[in-house]
Amino acid sequence: MSKIFVDACFGKETPYTPVWMMRQAGRYLPEYMEVRAQAGDFLSLCHDPKKACEVTLQPVDIVGVDAAILFSDILVVPDEMGMDLEFIKGEGPKFNDPIKTEADLNRLLGGEEAASRLTYVYDTIKLIKEKLSDDKALIGFTGAPWTLATYMIEGEGTKTYNICKKMMYSNPELLHKILAKVTEVVKLYMEKQIEAGIDVVQIFDSWAAAIEPSKYDEFSWKYMVEIADYLKAKYPHIPIIMFPKGIPAFLDKVYGNFEVFGVDWSTPMGLAKEKLGDRYVLQGNMEPCRLYSQEATTECVEALQNIMGGKRHIFNLGHGILPDVPVANAKHFIAECHRVSKK
């Protein structure tokens, strides 16, 4: 059975424009909070294939999205490379042993050794595929090497990025070694996700906006393209979505062998269409806070439909759904995307 989401990724004609939401399996759903409470904590939920499968499927069943996205976290990669990860309530993820030197990097596992430790992710994918309706796609994902390396060097989330950017300018050789090692793990991690059954790959570069335009290709984009090239050579039937957040200034510099470009909410959709619409299907890009108002949601969905005309487009938010959004408003967003785009 063909999947409308996969067809849309390849720019094929579809009966309506499909829609999903970043962070759609998450805290805005009471059902998710119940399963998370049973798991005990966030990381335990990621490590439990049965529970991770359950929360992956919730937004498909409850909200009506056209694709499921694997429930996991980008930081399971550095965690299984051997870093000491914990999620601190109210603060978020923290590595207790950030990378400062080449010796710190050398003690981490790389390549196949690290990727083969993520068995709970692959087991989750197999479970989801058993239960997911045949007409729905399953999206697998990874953080981009730059975003992962930022956490690994800073040790936690950051607003200034000064530790990793200090390395970028004062010791670029070490930063490139970190990025190269992470890239090798990610290639194999995504390959194993595909072998386990995912239909689409998304690469998140959440911290793309931290890099000045003249350095972006060198320290982030080229590594994302390397991952895409590796996967495309083996799995041409698997579409790839690139999502670099906050780079309207860099659109002219986008290149690579992938199908879908994720447009964040700070980038005007008309600009993205003008610069990239002939080469890539565009995904996005509603401001997530519009979900607090059904009127504001409808206004944006109609505007996006007018810009894109229902062609070479996938509806989504321009970043993740927020935890206090009413479920009724999330359902309204999905329903409106289907309403305005039905052929």
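Helices (H or I, at least four residues) and strands (E, at least two) are runs assigned by DSSP and numbered from the N terminus. By this definition, the protein contains 15 helices and nine strands. The radius of gyration, taken over C-alpha atoms, can be set beside a globule rule of 2.2 Å times the number of residues to the power 0.38. For the protein it is 19 Å, close to the 20 Å that the rule gives for 343 residues, so the protein is as compact as a globular protein of that length. The structure is a predicted model, in which local features need pLDDT of at least 70 and side-chain atom pairs count only at pLDDT 80 or more, while totals for chains, interfaces and linings use all residues. Residues are numbered from 1 along each chain as its sequence is written, and side-chain values use heavy atoms, with hydrogens and water left out.

Along the principal axes, the C-alpha atoms fill a box of roughly 60 × 45 × 40 Å. A residue is called buried under 20% relative accessible area, exposed over 50% and partly exposed in between (1.4 Å probe, protein chains only). Of the 343 residues, 59% count as buried. With a contact defined as heavy atoms within 4.5 Å, residues 24 or more positions apart account for 72% of the contacts with a separation of 6 or more.

Now to the sheet. Two strands are said to pair if DSSP finds at least two bridges between them. Seven strands build an open sheet with parallel pairing, in the order β1-β4-β5-β6-β7-β8-β9. At the edges stand β1 (67-69) and β9 (313-314), each with a single partner strand, so one side of each is left without a neighbour in the sheet. Within the sheet, β4 (residues 137-143) and β5 (residues 200-205) are joined in the parallel sense over five bridges. Here I139 has V200 in β5 as its bridge partner.

Leaving aside residues up to four places away in sequence, T142 touches I74, L148, V186, Y189, M190, Q202, I203 and F204.

Just after α9 comes G155, which takes a positive phi of about 90°.
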